[in-house]
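Thanks for coming. I will go through how the copies meet, and then a few local spots in single chains.

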Protein chains: 4
Amino acid sequence: MIHFDCDYMAGAHPEVLEAIVRNNTTQTSGYGEDDFCRDAKEKIRQACEAPNAAVHFLVGGTQTNATVLDGLLRTTEGVIAAETAHINVHEAGAIELTGHKVISLPSHDGKLCPDEVDQYLRDFYADDTWTHMVAPGAVYISFPTEFGTLYSKDELTRLSETCRAYDIPLYIDGARLGFGLAASADLTLPDLARLADVFYIGGTKMGALFGEAVVCNNEKLLPHFFTLMKAHGSVLAKGRLLGMQFGAMFTDDLYLRIGRHGVQLAKELRSAFEEKGYKTFIDSPTNQQFFILPNTLIDKLLPEASFEYWGPRGQEESKVRFVTSWETKSEDIAALKALLMD
Amino acid sequence: MIHFDCDYMAGAHPEVLEAIVRNNTTQTSGYGEDDFCRDAKEKIRQACEAPNAAVHFLVGGTQTNATVLDGLLRTTEGVIAAETAHINVHEAGAIELTGHKVISLPSHDGKLCPDEVDQYLRDFYADDTWTHMVAPGAVYISFPTEFGTLYSKDELTRLSETCRAYDIPLYIDGARLGFGLAASADLTLPDLARLADVFYIGGTKMGALFGEAVVCNNEKLLPHFFTLMKAHGSVLAKGRLLGMQFGAMFTDDLYLRIGRHGVQLAKELRSAFEEKGYKTFIDSPTNQQFFILPNTLIDKLLPEASFEYWGPRGQEESKVRFVTSWETKSEDIAALKALLMD
Amino acid sequence: MIHFDCDYMAGAHPEVLEAIVRNNTTQTSGYGEDDFCRDAKEKIRQACEAPNAAVHFLVGGTQTNATVLDGLLRTTEGVIAAETAHINVHEAGAIELTGHKVISLPSHDGKLCPDEVDQYLRDFYADDTWTHMVAPGAVYISFPTEFGTLYSKDELTRLSETCRAYDIPLYIDGARLGFGLAASADLTLPDLARLADVFYIGGTKMGALFGEAVVCNNEKLLPHFFTLMKAHGSVLAKGRLLGMQFGAMFTDDLYLRIGRHGVQLAKELRSAFEEKGYKTFIDSPTNQQFFILPNTLIDKLLPEASFEYWGPRGQEESKVRFVTSWETKSEDIAALKALLMD
Amino acid sequence: MIHFDCDYMAGAHPEVLEAIVRNNTTQTSGYGEDDFCRDAKEKIRQACEAPNAAVHFLVGGTQTNATVLDGLLRTTEGVIAAETAHINVHEAGAIELTGHKVISLPSHDGKLCPDEVDQYLRDFYADDTWTHMVAPGAVYISFPTEFGTLYSKDELTRLSETCRAYDIPLYIDGARLGFGLAASADLTLPDLARLADVFYIGGTKMGALFGEAVVCNNEKLLPHFFTLMKAHGSVLAKGRLLGMQFGAMFTDDLYLRIGRHGVQLAKELRSAFEEKGYKTFIDSPTNQQFFILPNTLIDKLLPEASFEYWGPRGQEESKVRFVTSWETKSEDIAALKALLMD
């Protein structure tokens, strides 16, 4: 069986796991007050070219989004997000649980349109009744989006300018950031660090056992953040594990190597389908690929390959998602090709 | 340097870590829907002699307490706890963050007095104004407590009976449960599973990298718990890691072996101090030991041994805490003894 | 100046105010435990033909919606509402403040489409990932809607059936209920009481100084509701004031008399505009009327009449809202007509 | 029957009610945007000698405390209060409902001890683990307290200085403020306005139908407060009613006149008991009086006079509370005296 379901089906990249194993018996303080964390934070600041950024390590994406947004938003403020955003759909209301509305705007293959965000903010404050409404206190985007798509440098710059004009932070959910950076035509990690106010570098879907690294350009945006993390249950007692993993991922460019690997294999996978005439229904440059396949083909593939079913398209076709990851191998793509050849 | 600061300063017990390493490249579904989790849950049910219990895996203690109690309590209900309870002091208001009051009663070396709980409940409903007040919707205890002390079987039985008389669940925070079971004169894991309505088997402080296993006797008490966990940010994407670790800890009695090891070394550590005439200020039978030491001795020990300072006692003595764990070695105790001998 | 801005610009209907003045020095218990409240509740149960309904009095609409929905929804559940619903737009995130998502569906002149609600629920539970999502735990509609429109008996019956099929309560915000009942072709108060699980009879916009009466068919839906009200700050110390007002409004059919008065004058107002060839942009049968007027006419009316500006429509016309209430007089309509004649 | 149960058993003081009746048909904007409110706010600023203070009108005490404290506290911050404080006991967890812990300190007849508050704050920040704990973000006191007692000018000054030293606001719950000002030996309204950061002038218990006026010395402490009020359901649609009532209460010194009246009659009431040899169990100078009475006397009084039973004191005596208000008459005291004479 070859697996293309998602990018968190296996454990950790060997270099990441090795860091945990190697340092298993070293004694350190808890809660992230250790040299592994200090070292990993410094490496991340360097990779971001953001020497003054605050870096915080959390365990998972949903808790990271909820904790950071609870920190960024004043009570009664909400966060603007695409209606397909993970925080609006698949996080079980974690943002609302601690009091904040997700203000959803139309999704364009997972992306917010910078002009629509600008228009929303203009209309909001032009409305006489705005003090009766949830004020937009932050903008959330994901990079890549839930559909694998990417903002261009121009789009991200415009979003960033709009946010700064209204003095609200731009927050980027980077659950799959490495795949996005590997595939982006024009955006680098330092660009993100400059254009976003807060973002997180995803570990879980990029080859860590778990872990997300929040990068915050301006400490004043997230005051007393450790206590907020603690209240949200997002402090890991053995915080060192996060330091070890991010230390490994930011050594010898491992984070980007994993990103490039996943993107390269996703391209090959896409070619394999396209060569046989199958079409995508979203044009994703990253490690998630979205195809329209005949139901007969799906039935044929299923005993040999796993992937996600995304719903019917007419009577005879369906939409499916294939995902590559750090541990997808060239042999997996070759095996898939062979299945398509038959 | 020998370390007695706390029980989460190192990584995982070798048998636990080995389970993670061995299965690193196995592919499984995410979010705990995998065979490692299914197997570990079954092992826990067997160890608890609770064949119908629901078992849920979470990452850390604070998030476990907040998620479970949010599930057990109706809006406007609070949880009774000792004023020294972890949820009342050191969890940064995680219980209040999602709307619930901690109703604190006096602490007796960390324990609630069963009679005082009963009296509180009787007085509460005898008060004409009780509908203006936060109703007690659950009772929280820790076993062992934050001061290493243990409830006897009789005490726990009385607490349990009171809770059942008022139809409110008894919840046990078992962050260090293994040390408690190893030290208890008369309580076993099946006893806990029978007397508590919900409790958790702590992993983080018992030799796992992280992880806590919630055992719930009655599924109706925690309906839709997966979604609640998700909303609290306490679902681990690679949930398999929790299954692997608890699977290992409930194989060949590892969990109790670690408990016995920590308790045995704690006894030796205590003897070492007592033989030299030093006294404890709390009489703990578990892996946390609390001594009154001369400040001169503390100054002498500090370059060689780490432990926690708990505040002054008069001008010339101080209170300190020493903790043993899975990775404390007999040599560590011997080294400490040698220091005391000098 | 004649006023058509809204229906809460003046004090109370004379019969309502008189009840407060007449009983001013009578001594009663606080918090609604008085004979005025008991009497008013009984009158409401009779008017609803719901002898077993629980009736609760609150002060205002936003607090009523937030308190009731917090009572109906389990943590992590959300409420389905039209995207234009008051709770989704103009209540400053009160629903989210205590943890619940507003799940917005398309608005059809303020109404939910019963088929779309049914489809949403069907799709929700057909989605494999639904446990990662906010479960729909109630349906919210307003009657009349924020745009003055009404559900027909058939539409309301279908919504009610869908809700019961999924075992989630149907909740009706009746801020302007009296105007809706007066204008409805086929729905009566007993119909609402039968088809809804919980609804509120609005007082503030119907001629009370303030006050809303929640009617709940099934007490189990809102257990410990007084305490929940207290926690939401929605218990009035001198609860008697609510009893006096609702007692007056449900004496001699005052509530419906006010409804009919407002609707009758709204019809006359609409005719006045239509006779001069002006069009509505929403077809409302109740006390809110929505016109498209030339900007020149608006400028001419403004010195003599107040109404709400709802935004431009092209270059030369605008959308406006005129509202009638208990204290709109025939003379006001006549004066408006005269202004249109000039 | 003569009534001494509490101070909210009747309607409004005639001068207050008259203001509502007189202006009933005047048309104004809603939500407090009217001249009645503007005028009343100006009168309050003058009475407080606080020309720059922001004044906000809310409906009831619990909602005022919850809304103001939610505004003053950052997420994860709590409020220090006496363990007997209304917010800690009788507000059904309204503070916790929106995420904040009540940090209770010992009650001294309802009062916080300034030295103990100072010590708590000093100890808090001296504790290495304070970032794991709920930070004290405000201090709450009531004036008069729930037991009728008063802070002296010296005590209030010391509390104020401590709060300013730690840069946390001092908030005063003035539900019965007028009785406190009338009875205080040395504190005036301008003193309170100077020493507190935020306080509220209670209306409900001082002769209004309802209503509380929040006075905030520094607008930055409560940014976007209208929206916060809306989210808490504490905006009254016909806000004018609050303006009319507070306008009347701050005309011709009515507020203080009512205070003096209640305090004077409370003194007479107390004398009546003391002359017969009965003792108080709390020494209250305000309108609540607390006596120890023989059960035989209580049984004799009950058919003729109502008051609150506060629990037994030994076998033959009980604790009771008698309360005077704006509408207690000299005849009521005389009638009570007559009962005691028999």
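**How the chains meet**

Of the interface residues of chain A, 100% are interface residues in chain B as well, so the copies meet through the same surface. Contact here means heavy atoms within 4.5 Å.

Before going further, the ground rules. What you see is a predicted model, in which local features need pLDDT of at least 70 and side-chain atom pairs count only at pLDDT 80 or more, while totals for chains, interfaces and linings use all residues. Residues are numbered from 1 along each chain as its sequence is written, chains are lettered from A and ligands numbered from 1 in the order in which they are written, and side-chain values use heavy atoms, with hydrogens and water left out.

Back to chains A and B. A rotation of 180° with 0.0 Å of shift along its axis puts chain A on chain B, with an RMSD of 0.0 Å; the superposition is by least squares on the C-alpha atoms of residues with pLDDT of at least 70 in both copies. Within chain A, the C-alpha nearest that axis belongs to A:T98, at 3.2 Å.

In this pair, 43 residues of chain A are in contact with 43 residues of chain B. Together the two chains bury about 3,700 Å², and 61% of that is on carbon and sulfur atoms. Buried area is the accessible area, taken with a 1.4 Å probe, that two parts lose on being put together, summed over both.

On the side of chain A that touches chain B, the elements giving two or more residues are α1 (14–22), α3 (61–72), α5 (94–97), α10 (225–231) and α11 (240–249) of chain A. Helices are DSSP runs of H or I with at least four residues, strands are runs of E with at least two, and both are numbered from the N terminus. That side of chain A divides into 20 nonpolar, 17 polar and six charged residues.

**Chains C and A**

Chain C can be laid on chain A by a turn of 180° and a shift of 0.0 Å along the axis, with an RMSD of 0.0 Å. That is the relation of a two-fold axis.

The contact takes 18 residues from each of chain C and chain A, and the buried area is about 1,400 Å², with 55% from carbon and sulfur atoms. In chain C, the residues that lose the most area to chain A are C:H90, C:E96 and C:K101, together 34% of what that side buries.

Here the rule finds two salt bridges. One of them joins the side chains of A:K101 and C:E96, at 2.7 Å from N to O. On the side of chain C that touches chain A, α4 (86–89) and α5 (94–97) of chain C each supply at least two residues.

**Local spots**

Helix α11 of chain B is mostly covered, with ten of its ten residues buried, that is, under 20% relative accessible area with a 1.4 Å probe and protein chains only; exposed is over 50%, and partly exposed is in between. Among the elements covering them are α1 (14–22), α2 (35–48) and β2 (54–58) of chain B.

Next, the loop between β5 (135–142) and α7 (153–165). In chain B this loop holds B:P144, which is joined to B:F143 by a cis peptide bond with omega about -10°. In chain D, D:T149 lies in the loop between those elements and is buried at 6% relative accessible area. A polar atom of the D:T149 side chain is 2.7 Å from the backbone oxygen of D:D109.

B:T76 has phi near 80° and is buried at 9% relative accessibility. C:D167 has phi of about 60° and is exposed at 68%.

Terms used: Ala, Val, Leu, Ile, Met, Phe, Trp, Tyr, Cys and Pro count as nonpolar, Asp, Glu, Lys and Arg as charged, and the others, Gly among them, as polar. A salt bridge is a side-chain nitrogen of Lys or Arg within 4 Å of a carboxyl oxygen of Asp or Glu. A polar contact is a pair of N or O atoms within 3.5 Å; within protein, one must be able to donate a hydrogen and the other to accept it, and residues adjacent in sequence count only if both atoms are side-chain atoms.
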